[in-house]
Amino acid sequence: MLSPNIRKFKTTIDVYRTKLEEQSAQIQDLRALEELHHQFLSRKRGTITLLFEQLKEFDPEEKPAAGQLLNALKNEVQERFSALETKLKTPAKPKGEIDISLPGEKLYWGAPHPVRLFQQEIENIFVSMGFSIEGGPEIETDYYNFEALNFPPHHPARDDWDTLYITDKLLLRTHTSPVQIRVMEKKKPPIKIIIPGKVFRRETPDPTHLPMFFQIEGLVVDKGITFAHLKGTLEYFLKRLFGERIKIRFRPSFFPFTEPSAEVDIECLACGAKNPDCRICGGTGWKEILGSGMVDPQVFKNVNIDPETYSGWAFGMGIDRTAMFAFGISDMRYFFENDLRFIRQFTLK
Ligand code: DAH
């Protein structure tokens, strides 16, 4: 993953790249080209020159990455200018003839969506540990979304998962956990799966809530599985995702389908646990990122797996929310506005 400084610098570079593309598309004559050249490459106040000044402020270990990004932009600027210069200096051909000397038109590429990129990164880590990927329906029955997961009708825990009902018994799933039940009904242990997918809640969109978002669920069931497996696997996963030095803590919690349950926090990447007024972590220095626990024996009984023989652990994590945190994005709604200038800013590694 790129460091926050480099990511920020890359965003700046991408903004200038878009500017360059937009402005050079409008160039009609050599004078306008000259002006644009001045704007980007002037020795005193050219955009590129000023960006090179900023390099001084990076730590020595970040400098090469920042320099690479900037040099790439500089090369693009120069290539674009010489292509435009050639084009503008070449006398116009009579209509109807194909001018094979013209530079090709640049295609306007799209980019992988940041949520999808982040999901793939997570999947790669789990697949490398031998997990396989499962999926399930986005329209669920009350039974799979709630009852089989040990939320009886009218149980107060249901209130946390208020959702969009289609009929009394059919609803848009509120979490990926129902797929745990669907898989355990069909497969016998050992089970070692992750389940990425869309989920829905009755939320008014704001910077940290959307009525549709993505989760990833994990489930491991076998003989002799303990809380130590849960802790070890999740720690390994989070270190691969956020870097070896990330601080992690497990906090007791409650979910109807796990016993005991734990929520997992990581240190706040926005303030480095240093700002008492941090808007991301509220000054606590920690940010909750997932729920987990040992599969409740009642859940095993619901799928005819003998809880005396088998045990298991599970977790569920919000993909968009975690991606927001990892990429330093302040508003979740950006993800779904489909503005290419936003979408194209993200790459992993
Ligand atoms: N389904 C829970 C939610 O949406 C998250 C969760 C918690 C999933 C604990 C789990 C788990 O598998 O064990 O908030």
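A disulfide here means a pair of cysteine sulfur atoms within 2.5 Å. The model is predicted, so local features need pLDDT of at least 70 and side-chain atom pairs count only at pLDDT 80 or more, while totals for chains, interfaces and linings use all residues. Residues are numbered from 1 along each chain as its sequence is written, and side-chain values use heavy atoms, with hydrogens and water left out.

**The cysteines**

How many disulfides does the whole structure hold? A search finds zero. Both residues are buried (under 20% relative accessible area; exposed is over 50%, partly exposed in between, with a 1.4 Å probe and protein chains only). The value for Cys268 is 1%, and for Cys271 it is 15%.

Go to strand E7, residues 258–267. Helices (H or I, at least four residues) and strands (E, at least two) are DSSP runs, numbered from the N terminus. Pro260 is in E7, and a cis peptide bond with omega of about -5 degrees joins Glu259 to Pro260. Next select Ala273, in the loop between E7 and strand E8 (286–295). Ala273 is not a glycine, yet its phi is positive, near 60 degrees. With 46% relative accessibility, Ala273 is partly exposed.

**Helix H7**

Move to helix H7, residues 178–186. Which of its residues are buried? They are Pro178, Val179, Gln180, Ile181, Val183 and Met184. To see what these buried residues pack against, display strands E2 (139–141), E4 (191–200), E5 (212–222) and E9 (311–318), together with helices H6 (142–145) and H9 (297–302).

Pro189 and Pro190 are joined by a cis peptide bond, with omega of about 5 degrees.

Now select Tyr144, in helix H6. Is Tyr144 buried or exposed? It is buried, at 15% relative accessible area. Leaving aside residues up to four places away in sequence, Tyr144 touches Leu149, Pro178, Ile181, Arg182 and Glu185; contact means heavy atoms within 4.5 Å. Val179 is 35 residues from Tyr144 along the chain, and their C-alpha atoms are 7.8 Å apart.

The loop between H6 and strand E3 (170–172) contains Asn150. Although not a glycine, Asn150 has a positive phi, about 75 degrees. Asn150 is partly exposed, with 23% relative accessibility.

Select Glu244, in the loop between helix H8 (227–242) and strand E6 (248–255). Glu244 is exposed, at 60% relative accessible area. Then pick Arg17: from Glu244 to Arg17 is 227 residues in sequence and 33 Å in space, C-alpha to C-alpha.

Colour residues 4–89 as domain 1 and 114–343 as domain 2; such bounds come from an automatic or database domain assignment. The centres of the two domains, taken over C-alpha atoms, are 41 Å apart.

**Helices H1 and H4**

The last stop pairs H1 with helix H4 (residues 63–89), whose axes are 10 Å apart at an angle of about 5 degrees. This makes the two helices roughly parallel. Axes are lines fitted to C-alpha atoms, for helices over the stretch in contact, and angles run from 0 to 180 degrees between N-to-C directions. Angles under 35 degrees count as roughly parallel, over 145 as roughly antiparallel, 65 to 115 as roughly perpendicular and the rest as oblique.

Show the side chains in the contact: from H1 they include Phe9, Lys10, Ile13 and Arg17, and from H4 they include Leu69, Leu73, Glu76 and Arg80. By class, the contact has 12 nonpolar, one polar and five charged residues. Ala, Val, Leu, Ile, Met, Phe, Trp, Tyr, Cys and Pro count as nonpolar, Asp, Glu, Lys and Arg as charged, and the others, Gly among them, as polar.

Finish on Lys10 itself, which lies in H1 (residues 4–25). Lys10 counts as buried, at 12% relative accessibility. Apart from residues up to four places away in sequence, Lys10 touches Leu2, Leu69, Arg344, Gln345 and Thr347.
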